[in-house]
Amino acid sequence: MASVTHDVVHEAAAERAHVAQPYMNPYLAGIGLGLVLLAAFVLVGRGLGASGAFNSTIAWLVALVAPGYARSNEFLAAYLEEDTHPLKAWLVFEVVGAFVGALLSGLLAGRVGVAVEKGPRVSVGTRLAFAFVGGALMAVGAAFARGCTSGQALTGGALLNLGSWAFMMCVFGGAYAVAWFFRRQWR
Amino acid sequence: MSAPFYKLDAFGDEASLIVAFLIGIGFGFFLERAGFGSAKKLVSQFYLNDLAVFKVMFTAIVTAMLGVTYLSWAGFLDPSLVYLVPTYWVAQVVGGLLLGVGFVVGGYCPGTSVVSTATGKLDGLVFVFGFAAGTLGFALTFPLVKGLYTAGDLGTRTLPQVLGIPYGILVFGVVLVAVGGFMGATWVEKKMAAKAAPATATE
Amino acid sequence: MRWISKLSLNQKLGVLALALGALAVFANVAPGHTVKVNAKELLTSVERQEDHVTPSDLAAWIIEGRNDYRLVDVRDEKAFAEYRIPTAENVPLATVTDGTLGRTDKIVLYGDGGIHAAQAWMVLKGRGYTRVYTLLEGLDAWKDEVLFPMMPASPTPEEQARFERSVPVAKFFGGQPRAAAAPGAEPMALPTQAAAPAVAPPTLPAGGGGGPKKKREGC
């Protein structure tokens, strides 16, 4: 199993080296992103987000399996309204759109392909384990902060929201603080 | 004041979901354009060789912020109708730190993990599952963490309110900090590249 | 300004950002106080009685515990301290456009009679508020209909039934029913704030639910 993934990774990487286009100028990409955010403000009066979509999805799944418990859980109940399906949430649709948009950009740039992003010094298995744990840690962080980098940092940042700026500085701080300890995963 | 359109009843809930989908497309598109479907590119920010994360994020913040400023000034947008997440500063500081650690360990944030999965990265997909698991874990232990979750409740607060600096001046300040930061970032990247170059030249 | 063309793209963007940022110093984003009134629309909605709610409607909403609206007392602080309708917030008349009231909030305004609330209503409508209403004839009507319902002199069965339903409501708000007023009678004393609903809310005839839920907007 591991060797199959290994081959896939190398093959995909080789293909990418031939076909993939360079990334867009980060400032231009940032302007594009900023205009999308502004469009959200103007059209709907809210910003972007991602973690909220996960919350809605988890609330929906738990309600499928244990509806009574889901409704009694204060955190999940907030995503379970009486008359609307939990997946009919703004953020869920937005995240599905993000998937489509990313795929579109990737296809245009020749950057779509099965691969595992990692440095040369760790195995695929280790990398995937870290990805899972990192994701779980992030989820807890995002839950406490009421948002993630898209919702809090980008949206709240643009609106000069106090909590969002504090959050953003802590994200950078926390990441820089532990980066050295995890360098083997990336270099 | 015509905007935000949805809040002034220009269209209904169903239409707003379609708008969400379209905006999401733009969101995912530009994230991928910037290369944020790649964990290696994202974490390079924290090893100082590639500060694209900082550049993209702050450019986006400045763009949207200036947009809000000018559209409000022109009387087109009513900024009081744009949703602001309330501040729970203790919870958000703890959350931010955890998120930062998760970023370096996992290699993505929730938005970029979706971008990554869309372009075929397995580690992005695994991250998504990890994130889902973490969310479930948080929900299941919510009664225990509720105290921390609601700690530092300051209500809805903005920087102009708290710092007592007029909004327009603060906007200019943020632009100055961002542009200064970009110049600094370019300098740092050059330094790190120069450090790496002598090592590779001998190979 | 030829030096601009000599800059790289990134540098041009930087200059643009600085220019826009500098100009933003002069931006005024605070809500203003001028009103734009479409007189025909406004007055038609008054004629159609779309501009107010009755005291009994309001009493029912309070008993049901609805929280999808804001009850606003436009009198001064002193009057508000002496008596207020339970769940009301105090926004004195002259401060009504200062920003505490959201443009899309559902708002019910009241004053002593109907005039100040109507003036506030007109101003808020002129500022683009979409869901503003007045309490028809304000506290005067609140006292007459809700706090101190009058026992009808020779009631029809309908009037009798209506009166009987109003008694528990009156008690809930700390008031009480009274007999037909003799000329020159003393006005009834208003309940003090301490007399706020300690009585169990009376069961009302089955009506609507608690109003529309707020849409979740977090990230």
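This is a predicted model: local features need pLDDT of at least 70, side-chain atom pairs count only at pLDDT 80 or more; totals for chains, interfaces and linings use all residues.
Helices here are DSSP runs of H or I with at least four residues, numbered from the N terminus. The contact joins A:Gly52, A:Ala53, A:Ser56 and A:Thr57 of H3(A) to A:Leu91, A:Val92, A:Glu94 and A:Val95 of H6(A); two residues are in contact if their C-beta atoms, placed from the backbone, lie within 7 Å. By class, these residues are four nonpolar, three polar and one charged, with Ala, Val, Leu, Ile, Met, Phe, Trp, Tyr, Cys and Pro counted as nonpolar, Asp, Glu, Lys and Arg as charged, and the others, Gly among them, as polar.

Eight residues of domain 1 of chain A are in contact with nine residues of domain 2 of chain A. Helix H3 (residues 51–65) of chain A gives the largest share of the domain 1 side, three residues. That side holds four nonpolar, four polar and no charged residues.

Residues are numbered from 1 along each chain as its sequence is written, and chains are lettered from A and ligands numbered from 1 in the order in which they are written. Local features need pLDDT of at least 70 and side-chain atom pairs count only at pLDDT 80 or more, while totals for chains, interfaces and linings use all residues.

Terms used:
Helices (H or I, at least four residues) and strands (E, at least two) are DSSP runs, numbered from the N terminus.
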